Amino acid sequence: MKINKAFKFRIYPNQEQLKLINQTFGCVRFVYNHFLNQRNELYKTEQKSTTYVNQAKELTLLKQELIWLKEVDSVSLQSALRNLDTAFKNFFSKRTKFPKFKSKKNEKQSFRLDGAISVESDCIKLPRIGKLKLAEKDYIPTDCKILSATVSKRAGKWFVSVQVETPDREY
């Protein structure tokens with residue numbers, strides 16, 4: 001039997017990687033807020049809602065219009081749409097409050113990636129960002145299948161959380 005585990009650790013991006021990470025934070029925030037506003041306006045004018053699938057198609061068109069959205073990993077943008085869709089589902093099932101717009105001033109920022117992620121003893125390789133130096137060596141088991149990675153900023157420090165599928169054993 002296989003189980004999913006998450007490992008979170010500190011990373012040290014260089015200046016170029018830092019620029020791309022900050023750009024991704026901005027693009028993810030823009031996509032979330034743009035489509036949240038779209039859902040709000042659609043409900044105000046037509047009393048209708050839309051779905052993740054419809055908005056994902058519109059995201060493709062938006063990326064053609066706003067070229068700078070193509071500079072970041074597309075998975076992180078789609079992930080922002082999934083997060084928005086989940087926020088609405090949680091609201092309608094009365095688990096949370098109505099979704100709010102994301103703010104640049106918020107100290108906590110993050111984005112999710114999946115795909116070509118690999119881990120070595122002292123670094124992690126993420127799509128578009130490249131190899132990031134890890135604070136701890138040999139923290140993540142290298143024999144596990146990597147499902148996703150979430151890059152986050154907390155209190156001016158950078159972290160990555162990696163979700164892996166592991167054989168059922170203790171770590």
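Biologist: So two strands pair if DSSP finds at least two bridges between them. With that in hand, which residue in S5 stands opposite Ile124?

Modeller: That would be Leu132. Keep in mind that this is a predicted model. Strand S4, residues 123–126, and S5 are paired in the antiparallel sense, with 4 bridges.

Biologist: And how many residues sit between the strands in the hairpin of S4 and S5?

Modeller: There are 3 residues between them, and in this hairpin Arg128 takes a positive phi near 70°.

Biologist: Let's zoom out. What is the order of the strands in the open sheet?

Modeller: The order is S2-S6-S7-S1-S5-S4-S3, which makes 7 strands with antiparallel pairing.

Biologist: Which strands stand at the edges, then?

Modeller: Those are S2 and strand S3 (118–119); each has a single partner strand, so one side of each has no neighbour in the sheet.

Biologist: OK, and how many bridges join S1 to S7?

Modeller: S1 (residues 2–12) and S7 (residues 157–167) run antiparallel and are joined by 9 bridges. Asn4, for instance, stands opposite Glu165 in S7. On to S6 (residues 145–154): S6 is also antiparallel to S7, with 9 bridges. There Lys145 stands opposite Glu165, and Thr150 stands opposite Ser161.

Biologist: What does Ala155 do in the hairpin of S6 and S7?

Modeller: Ala155 takes a positive phi near 55°, in a hairpin with 2 residues between the strands.

Biologist: And how many bridges does S1 have to S5?

Modeller: S1 and S5 (residues 130–134) are antiparallel, with 2 bridges. Ile11 stands opposite Leu134 in S5.

Biologist: New topic. I've been looking at Arg39. Is it buried or exposed?

Modeller: Arg39 has a relative accessible area of 6%. The cut-off for buried is under 20%, so Arg39 counts as buried. You'll find Arg39 in helix H1, residues 15–46.

Biologist: Which side chain does the side chain of Arg39 make a polar contact with?

Modeller: The side chain of Asp85, at 2.9 Å.

Biologist: What else does Arg39 touch?

Modeller: Leaving aside residues up to four places away in sequence, Arg39 touches Thr50, Thr51, Tyr52, Gln55, Leu84 and Phe88 as well as Asp85.

Biologist: Nice. Which residues line the second largest pocket?

Modeller: Arg39 turns up again here, with Asn40, Tyr43, Lys48, Ser49, Thr50, Phe88, Phe92 and Phe98. The volume of that pocket is about 150 Å³.

Biologist: Where does the largest share of its lining come from?

Modeller: From H1, with 3 residues. H1 and H3 each give at least two. By type, the lining has 4 nonpolar, 3 polar and 2 charged residues.

Biologist: What volume does the largest pocket have?

Modeller: About 410 Å³. Its lining has 19 residues, and the closest to the centre are Val28, Lys102, Lys108, Gln109 and Ser110.

Biologist: Which elements each supply at least two residues of the lining of the largest pocket?

Modeller: H1, helix H3 (74–92) and strand S2 (109–113) each do.

Biologist: Last one: how do the residues of that lining divide into nonpolar, polar and charged?

Modeller: For the largest pocket, 6 are nonpolar, 8 are polar and 5 are charged.

How values were computed: Residues are numbered from 1 along each chain as its sequence is written. This is a predicted model: local features need pLDDT of at least 70, side-chain atom pairs count only at pLDDT 80 or more; totals for chains, interfaces and linings use all residues. Side-chain values use heavy atoms; hydrogens and water are left out. Buried means under 20% relative accessible area, exposed over 50%, partly exposed in between (1.4 Å probe, protein chains only). A polar contact is a pair of N or O atoms within 3.5 Å; within protein, one must be able to donate a hydrogen and the other to accept it, and residues adjacent in sequence count only if both atoms are side-chain atoms. Contact means heavy atoms within 4.5 Å. On a 1 Å grid over the protein atoms alone, a cavity is a set of points where a 1.4 Å probe fits but cannot get out, and a pocket is an open set with protein on both sides within 12 Å along at least five of seven lines; lining residues have an atom within 4 Å of a point. Grid points are joined across faces, edges and corners, and a volume is the space filled by probe spheres set on the points. Ala, Val, Leu, Ile, Met, Phe, Trp, Tyr, Cys and Pro count as nonpolar, Asp, Glu, Lys and Arg as charged, and the others, Gly among them, as polar.
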